[in-house]
Every structure is written in C-alpha cells, then in structure tokens.
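Good morning, everyone. Please take a look at the model on the screen.

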Amino acid sequence: MNNHGFSKLVAFLNQLEQERISYTLAHHQDETIMVNVAVAGERWEVEFFEDGSVEVERFVSSG
C-alpha cells in the first residue's frame, strides 16, 4: 500500500477510534485491506486499495 493509501486507512481508523466505533480488519484480495464496521442498524465494508482508492458498501437493516 502506498503512503497515500496507507494514510487514508490510518486516518479512517483513528476517526473510528475517536468515535468509539468497533471495527475489524480483513484481507481478502491482493492489494486491499477491508475495514468492517457495525453500527446500530448498519454494517459497512470499507475497502482501501493500494493505489489510494477507497470503496464503501453500506448495508442498512430494514427492521
């Protein structure tokens, strides 16, 4: 992961920790790190790529 991608990841993790939001890290694909976040009624999958890009998938509970 280049410095730009790494700094985005670290900034995001720091923000989660400041807000006291629990998360887990996963590595399912080459050149990516995924942050799994669960908050009330939602689950987020935030994927940080080596090139600095970020993809977010948000799953919202209907009940």
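First, a term: buried means under 20% relative accessible area, exposed means over 50%, and partly exposed lies in between, with a 1.4 Å probe and protein chains only. This is a predicted model, where local features need pLDDT of at least 70, side-chain atom pairs count only at pLDDT 80 or more, and totals for chains, interfaces and linings use all residues. Residues are numbered from 1 along each chain as its sequence is written, and side-chain values use heavy atoms, without hydrogens and water.

Now, salt bridges. Here that means a side-chain nitrogen of Lys or Arg within 4 Å of a carboxyl oxygen of Asp or Glu. How many salt bridges does a search of the whole structure find? It finds 2.

Take Glu-45 and Arg-43. Their closest N and O atoms are 2.7 Å apart. Glu-45 counts as buried, because its relative accessibility is 18%. Arg-43 is partly exposed, at 38%.

Next, Arg-58 and Glu-42. Their side chains meet at 2.9 Å, N to O. Arg-58 lies in strand β4 and Glu-42 in strand β3 (residues 42-49), so the pair ties together parts 16 residues apart in sequence. Strands are DSSP runs of E, at least two residues, numbered from the N terminus. Arg-58 is exposed, at 54%. Glu-42 is partly exposed, at 22%.

Back to β4, residues 54-60, for Val-54. Val-54 is partly exposed, with a relative accessible area of 36%. The C-alpha atoms of Val-54 and Met-34 are separated by 9.6 Å. Along the chain, these two are 20 residues apart.

Technical notes:
Helices (H or I, at least four residues) and strands (E, at least two) are DSSP runs, numbered from the N terminus.
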